[in-house]
Amino acid sequence: GHLFAIIRGVQFDRTTEDPLDLATFNLCFFLARNLLVTTHAVPIPAVEVFRTRCEASTTVLSHGPARAMYAIMDASTDAYFPVLDEVNGFIDTLEE
């Protein structure tokens, strides 16, 4: 009657001198029929964006907790693309 999932997030680690250092983090989800709980050790931009959307519109949560989980997971995986683009650019520079 419930689901527990963990996804791995990635972002550039701005606390180091190397602009391509990466920091990873876990984003945990506990989904049950009428609730969604997320846990994370660091602030997660995707969770903050979803929270802002919920505050702006009362209908966001009307789609249920599974839809909320999907929205947060989708935004979290979308955050990989800028990282991949920058790493690919760095690799292209090395190849040249």
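1. Helix α1 (residues 45–56) packs against helix α2 (residues 65–78) at an angle of about 135 degrees, and their axes lie 8 Å apart. That angle makes α1 oblique to α2, oblique being what remains once angles under 35 degrees (roughly parallel), over 145 (roughly antiparallel) and 65 to 115 (roughly perpendicular) are set aside. Axes here are lines fitted to C-alpha atoms, for helices over the stretch in contact, with angles from 0 to 180 degrees between N-to-C directions.

2. The model is a predicted one, in which local features need pLDDT of at least 70 and side-chain atom pairs count only at pLDDT 80 or more, whereas totals for chains, interfaces and linings use all residues. Residues are numbered from 1 along each chain as its sequence is written, and side-chain values use heavy atoms, with hydrogens and water left out.

3. Where the two helices touch (contact meaning heavy atoms within 4.5 Å), Ala 46, Val 47, Phe 50 and Arg 53 of α1 meet Ala 68, Ala 71, Ile 72, Ala 75 and Ser 76 of α2. By class, this contact of α1 with α2 has seven nonpolar residues, one polar and one charged.

4. The chain has three helices and three strands, these being DSSP runs (H or I, at least four residues, for helices; E, at least two, for strands), and from the N terminus on the order is β-β-β-α-α-α.

5. The C-alpha atoms fill a box of roughly 55 × 25 × 25 Å, taken along the principal axes. Of the 96 residues in the chain, 23% are buried, that is, under 20% relative accessible area with a 1.4 Å probe, protein chains only.

Methods: Ala, Val, Leu, Ile, Met, Phe, Trp, Tyr, Cys and Pro count as nonpolar, Asp, Glu, Lys and Arg as charged, and the others, Gly among them, as polar. Buried means under 20% relative accessible area, exposed over 50%, partly exposed in between (1.4 Å probe, protein chains only).
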